[in-house]
Amino acid sequence: MYEQVSHSLLNDILIALKPEIKNQKLQHFYTRLGANFYAIHSLFTSLYGDRPDFKKQMQHLVETMARQFIKRPAHLKKTDLAREKDHDWFLSQKWVGMALYCDGFADNLQGVKSRLHYLQNLGVNLVHIMPICDCPEDQSDGGYAVRDFRNIDSRFGTLKDLDDLAANLRKREMLLTLDVVVNHTSDEHEWAQKARQGDKAYQNYYLTFDDRQTPDMFEESMPEVFPENSPGNFTWNEDMGKWVMTVFNSYQWDLNYRNPAVFIEMLDIILFWANHGADILRLDAVAFLWKKMGSSCQNEREAHQILQLMKDCCQVTSPGVLFIAEAIVAPTEIIKYFGEDAINAKECEIAYNATLMALLWEATATKSTGLLNKGIRSIPEKLERATWLNYVRCHDDIGWGFSDADIIAVGNDPQLHRRFLVDYFTGNFEGSSARGLAFGKNEKTGDARISGSLASLIGLEYALEKNDSEAIDTAIKAILLLHSIILSFGGIPLIYYGDAIGTLNDDAYLNDTSKSKDNRWVHRPKMNWDKAAKRTQPGTLEYRMFSEIKKMIAVRKEIPAFADRNNRELLNVDNTHLFVFSRFDHSITHSRVLVIGNFDTNPQSLDLVPMRRMGFFQYDLVKDLCTGETFPLINEEIVIPALSFYWFQT
Ligand code: OTU
């Protein structure tokens with residue numbers, strides 16, 4: 001019955017399409033629209049079905065998809081077809097990513113193009129260029145406060161520069177990832193300006209309120225994202241004489257997805273960047289898309305429906321394009337951003353694995369893997385056609401996003417343990433050589449997150465100052481150990497620019513008033529290309545890190561068991577400093593890799609007797625795939641040196 005309604009609506013919509021659309025060659029568009037229309041229609045109905053203008057909105061939605069399909073360049077349409085055939089293409093182990101700021105890395109987009117050989121030299125073939133859309137000069141939140149979603153910020157170049165870069169990447173068989181900031185706009189965006197001038201239609205693009213009554217009720221259950229810089233979730237706007245919801249900074253106005261016009265505008269923007277050659281779109285802050293009074297306003301069912309609808313619509317116009325969910329939420333919630341099932345409720349193919357990231361840092365601080373082993377097991381199994389972005393550092397702060405229950409289960413007090421981590425990484429704990437900064441301190445809850453570059457957090461900055469070669473060794477080993485995990489765990493590893501050469505904290509942001517209050521800038525450095533040049537000089541620190549990571553990447557790409565096909569088994573071993581898992585390949589027998597990481601600063605041994613019972617170490621020799629070294633198994637144990645790892649072929 002419902003299917004019939006949906007079918008006849010589709011007919012009406014197609015008949016009513018404007019001639020300039022109808023007269024185009026739309027073969028694949030129609031096929032895909034037919035295949036996805038039922039889902040699109042039911043989602044759109046569930047979100048906006050009670051509106052009198054529902055049918056008009058639906059028509060507008062289809063027209064938006066059709067127009068962008070018409071504009072989609074032929075070569076991208078070809079890629080779409082190829083990816084539809086090989087629809088698991090992104091699960092392959094051959095993808096290795098890097099996230100970078102266009103200006104920090106190479107001044108501008110043309111600069112990035114001229115530096116692509118650096119990425120290729122390391123083995124990176126997926127590049128996430130941090131937000132490049134036009135932003136106000138001062139209040140930009142590093143590009144996440146967008147003033148114009150369809151223009152490149154003049155600091156970075158032009159749309160043509162981006163198209164050139166995209167074409168160049170394609171020739172190199174590299175993937176391009178771009179951001180779409182779907183949750184909010186800058187208060188200088190045209191929509192916000194019109195709202196400020198009193199335009200009711202645009203005021204309805206945001207969540208605006210005449211007095212504090214409703215905002216106060218919302219506040220009862222909403223946490224604060226930036227409690228220091230932007231306390232509360234609402235900002236008074238004098239021009240409108242209204243309060244506006246601003247979950248992040250006060251100049252980032254949250255969009256109102258209860259308004260279908262907002263959904264359609266944002267979808268159009270998604271398809272616009274897909275048509276400019278993005279292979280992958282990172283959808284920012286997706287947990288926040290739907291606000292419901294009485295809730296934390298995160299992870300609401302409707303936020304998932306919006307993402308499903310975005311995916312289904314994208315599937316019609318540019319099916320080769322993937323979404324990354326940027327949702328820094330609990331493991332049981334994050335898993336939902338892949339969708340409930342791959343056929344009817346698909347959302348984002350890729351999601352940030354913030355839990356793994358946080359757990360790796362916890363293991364680094366405690367030198368033990370109790371919580372890492374426990375916390376990883378708390379992440380529910382994901383869908384098959386979905387994968388993680390595994391990272392050690394990114395442009396944001398590190399939050400302690402694992403569950404209290406897991407902390408308790410491994411014998412710690414959640415509050416004390418989180419406080420210990422903050423103390424440890426800010427260098428305020430006996431024996432810590434970390435040089436991080438507390439970020440987002442919340443006086444009410446006592447919470448804090450951490451800013452700082454990988455190298456500074458791991459102790460390299462301290463070691464260099466002390467000129468302590470042993471401590472330098474230790475820091476380098478830890479950097480490599482962390483990379484060895486993200487490169488083997490299953491998913492797309494996302495290396496942060498500067499990390500492969502041990503870039504330290506950068507205090508330059510303190511001299512810039514638009515950045516000085518946000519210490520995340522301490523780890524958003526200007527790439528030092530003189531330092532990068534040392535990567536080819538044996539004996540330098542840069543060489544020791546870069547060449548090892550490069551080797552790991554090359555090895556990873558050769559091992560099908562490292563593809564992400566839910567082919568990982570976490571192993572219980574009775575040494576609390578070790579993190580051990582196996583990766584296997586369903587299609588090739590005897591292709592199995594055993595990954596062992598030792599997070600302790602002392603050598604640790606692994607008892608081979610139980611391992612043999614589980615089917616590992618069946619021979620007298622074992623080979624480490626990374627170094628090519630073989631080890632005789634004479635004793636019933638194998639020793640893993642301090643802060644080291646093995647990728648054993650077993
Ligand atoms: C994202 O961040 C971006 O990565 C940040 O750089 C932006 O400031 C923010 O959105 C606003 O656009 O929304 O889903 O520091 O982890 O703000 C999580 C906390 C987010 C970040 C959080 C995050």
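Student: Which helix does S42 lie in?
Tutor: Start with the ground rules: this is a predicted model, where local features need pLDDT of at least 70, side-chain atom pairs count only at pLDDT 80 or more, and totals for chains, interfaces and linings use all residues. Helices (H or I, at least four residues) and strands (E, at least two) are DSSP runs, numbered from the N terminus. On that numbering, S42 lies in helix 3.

Student: Is S42 buried, exposed or partly exposed?
Tutor: Buried means under 20% relative accessible area, exposed means over 50%, and partly exposed is in between (1.4 Å probe, protein chains only). S42 has 25% relative accessibility, so it counts as partly exposed.

Student: How far is a polar atom of the S42 side chain from the backbone oxygen of Y38?
Tutor: A polar contact is a pair of N or O atoms within 3.5 Å; within protein, one must be able to donate a hydrogen and the other to accept it, and residues adjacent in sequence count only if both atoms are side-chain atoms. For S42 and the backbone oxygen of Y38, the distance is 2.7 Å.

Student: What is the relative accessible area of H41?
Tutor: H41 also has its place in helix 3, which covers residues 27–48. Beyond residues up to four places away in sequence, H41 touches Y2, V5, S6, L9, F54 and M58 (contact means heavy atoms within 4.5 Å). H41 is buried, with a relative accessible area of 4%.

Student: Which residues are closest to the ligand?
Tutor: A residue is near a molecule if one of its heavy atoms lies within 4 Å of it. Here 21 residues surround the ligand. The closest are D141, D284, H395, D396 and D397.

Student: How many residues of the shell around the ligand are charged?
Tutor: Ala, Val, Leu, Ile, Met, Phe, Trp, Tyr, Cys and Pro count as nonpolar, Asp, Glu, Lys and Arg as charged, and the others, Gly among them, as polar. The shell has nine nonpolar and three polar residues. The number of charged ones is nine.

Student: How much of the ligand does the protein bury?
Tutor: Taken alone, the ligand exposes 490 Å². Accessible areas come from the Shrake-Rupley method with a 1.4 Å probe; for residues, only the protein chains shown count as cover. The protein buries 95%.

Student: Which side chain makes a polar contact of 3.0 Å with N183?
Tutor: N183 lies in the loop between strand 5 (175–180) and strand 6 (184–186). It is buried, because its relative accessibility is 0%. Its side chain makes a polar contact of 2.9 Å with the side chain of H184. The contact of 3.0 Å joins N183 to D254.

Student: What is the phi of K367 near?
Tutor: Most residues other than glycine have a negative phi. K367 sits in the loop between helix 16 (354–366) and helix 17 (370–377), and it is partly exposed at 23% relative accessible area. Its phi is positive, near 60 degrees.

Student: What is the phi of L643 near?
Tutor: L643 lies in the loop between strand 24 (637–640) and strand 25 (645–649). L643 is buried, at 10% relative accessible area. Its phi is positive, near 45 degrees.

Student: What is the relative accessible area of I486?
Tutor: I486 is found in helix 22 (residues 469–488). Leaving aside neighbours within four places in sequence, its contacts are L360, N390, Y391, V392, P493 and L494. I486 is buried, and its relative accessible area is 0%.

Student: How far apart are the C-alpha centres of domain 1 and domain 2?
Tutor: Domain bounds come from an automatic or database domain assignment. That assignment gives domain 1 (184–254) and domain 2 (564–649). Their C-alpha centres are separated by 53 Å.

Terms used:
Residues numbered from 1 in each chain as written. Heavy atoms only, no water.
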